[in-house]
Amino acid sequence: MRVLAVNAGSSSLKLVLLDGDDVVAHEHLERWEGEPEPIRRFLDEHGADAIGHRVVHGGNRIVTATVADDDVVDYLASLTELAPLHQPRALGGLRTARSIAPGTPSVVCVDTAFHAGLPPAAATYALPREWNRKWSLRRYGFHGLSHSYAVVRGADLTGLPPRQGRVLSCHLGAGASMAAVRDGRCADTTMGFTPEEGLVMNTRSGTVDPGLIGYLINTKGVAPQELFDVLAKRSGLAGLSGTSGDLRDVLTARSEGDGDAAVAFDVYRRSLVRYAGAMVAVLGGLDLLVFTGGTGEHQPPVRAAVCEALSFAGAALDPERNEAASGDADITAVGAPVRTAVVQAREDLEIARQTRAAVRARRS
């Protein structure tokens with residue numbers, strides 16, 4: 001079954017046609033405004049047996065890869081407020097594909113599905129139970145497609161049994177999250193109801209004191225919409241350093257003696273360490289540590305910082321392997337009881353796997 005994986009980002013579009021794990025054709029548009037022509041052209045040229053779409057938020061109803069119909073599309077659209085940068089783009093790609101190729105099944109593969117089985121203690125916010133039930137308030141978690149692939153691929157790279165043991169998956173990029181995975185199931189994660197919670201990110205603040213939000217709105221007169229825009233787009237590494245927020249720019253400024261950039265990196269590193277320690281505590285130890293995403297794949301100092309902090313749990317990397325890592329790599333130090341791997345982010349492969357499973361289940 002040849003699957004077209006459609007990954008519509010907040011401003012980009014990635015199209016990858018896969019036959020098994022082999023890439024048959026691909027296209028990456030850095031700037032995509034939602035126009036249907038790129039998808040139409042790709043399908044006209046290459047065709048596909050099924051189309052899989054990455055969707056950020058599946059709410060409490062879409063908890064596995066699902067063949068899309070009108071009801072599914074309408075429900076996903078109702079969640080737009082929870083992921084306003086990504087949900088409309090994904091829906092644009094989904095609607096376009098269904099219109100262009102109505103006879104080809106379109107499958108929604110949601111990032112939140114990987115975390116749908118979180119134990120109640122991890123998923124539940126300490127809010128009035130009536131609110132939680134009425135408005136489906138819970139920790140949904142994100143980057144699920146990436147975490148799902150990285151956990152299995154990391155085990156394969158390091159010779160561990162797949163979907164067994166205690167794994168800390170670190171998806172570190174412009175957006176970043178960690179997932180504590182036990183025997184293939186997510187036990188805890190750093191993002192929550194929206195992708196704003198958790199780690200310090202490129203432009204997102206991550207978790208902040210809710211009392212601080214109330215103070216800025218009620219005492220300092222910051223408009224709520226302005227505040228939430230700042231927390232999502234003008235905070236994190238960008239807000240602290242005055243740079244773009246790309247970690248490469250922060251590290252360059254830091255090396256040139258910029259004090260704000262140095263503080264920004266220290267805050268970022270402390271955030272990683274704090275959450276990594278918490279995830280390991282939830283798991284009760286660690287067997288495998290996996291890094292993926294742009295920063296996770298390409299920044300040896302970040303990997304080294306996390307491993308050093310987790311040395312108490314047995315994590316240790318080989319400095320030469322860490323510096324030389326390119327693509328998928330085992331960077332574990334000789335004799336370390338915890339395996340450490342770098343995994344190239346391949347959400348397209350996970351989308352294709354889930355799409356095939358959903359289509360086959362629908363036909364059976």
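This briefing describes a sheet with its packed helices, the aromatic pairs and the salt bridges of one structure.

The model is predicted, so that local features need pLDDT of at least 70 and side-chain atom pairs count only at pLDDT 80 or more, while totals for chains, interfaces and linings use all residues. Residues are numbered from 1 along each chain as its sequence is written, and side-chain values use heavy atoms, with hydrogens and water left out. Helices (H or I, at least four residues) and strands (E, at least two) are DSSP runs numbered from the N terminus, and two strands pair if DSSP finds at least two bridges between them.

**Sheet and packed helices**

- An open sheet is formed by 6 strands in the order β3-β2-β1-β4-β6-β5, with mixed pairing; β3 (22-29) and β5 (66-67) stand at the edges with a single partner strand each, so one side of each lacks a neighbour in the sheet.
- Strands β1 (residues 2-8) and β2 (residues 13-19) run antiparallel and are joined by 7 bridges, with Ala 5 opposite Val 16 in β2 and Asn 7 partnered by Lys 14; a hairpin through 4 residues connects β1 to β2.
- The pairing of β1 with β4 is parallel and extends over 4 bridges, and Val 6 has His 53 in β4 as its bridge partner.
- Of the 7 residues of β1, 6 are buried, where buried means under 20% relative accessible area, exposed over 50% and partly exposed in between (1.4 Å probe, protein chains only).
- Helix α15 (residues 347-363) lies across β1, β2, β4, β5 and β6 (106-110) and runs at about 120° to β4; axes are lines fitted to C-alpha atoms, for helices over the stretch in contact (heavy atoms within 4.5 Å), and angles run from 0 to 180 degrees between N-to-C directions.

**Aromatic pairs**

- The whole structure holds 3 aromatic pairs, defined for rings of Phe, Tyr and Trp (its six-membered ring) by centres within 6.5 Å, with planes under 30 degrees apart counted as stacked, over 60 as edge-to-face and the rest as tilted.
- The rings of Trp 131 and Trp 135 are tilted, with centres 5.7 Å apart and planes at 55°; both residues lie in helix α5 (residues 129-135), 4 residues apart, about one turn of the helix.
- Tyr 140 and Phe 193 also make a tilted pair, with ring centres 5.9 Å apart and planes at 40°; Tyr 140 is buried at 5% relative accessible area, whereas Phe 193 is partly exposed at 22%.

**Salt bridges**

- A search of the whole structure finds 17 salt bridges, each being a side-chain nitrogen of Lys or Arg within 4 Å of a carboxyl oxygen of Asp or Glu.
- Asp 111 and Arg 54 form a salt bridge whose closest N and O atoms are 2.7 Å apart, linking the loop between β6 and α4 (120-123) to strand β4 across 57 residues; Asp 111 is buried at 0% relative accessibility, and Arg 54 is buried at 13%.
- Arg 153 forms a salt bridge with Asp 328, again with the closest N and O atoms 2.7 Å apart, and this pair links helix α6 to the loop between α14 (319-324) and β11 (329-330), 175 residues apart.
- Salt bridges that share partners join Arg 54, Asp 111 and Glu 347 into one network.
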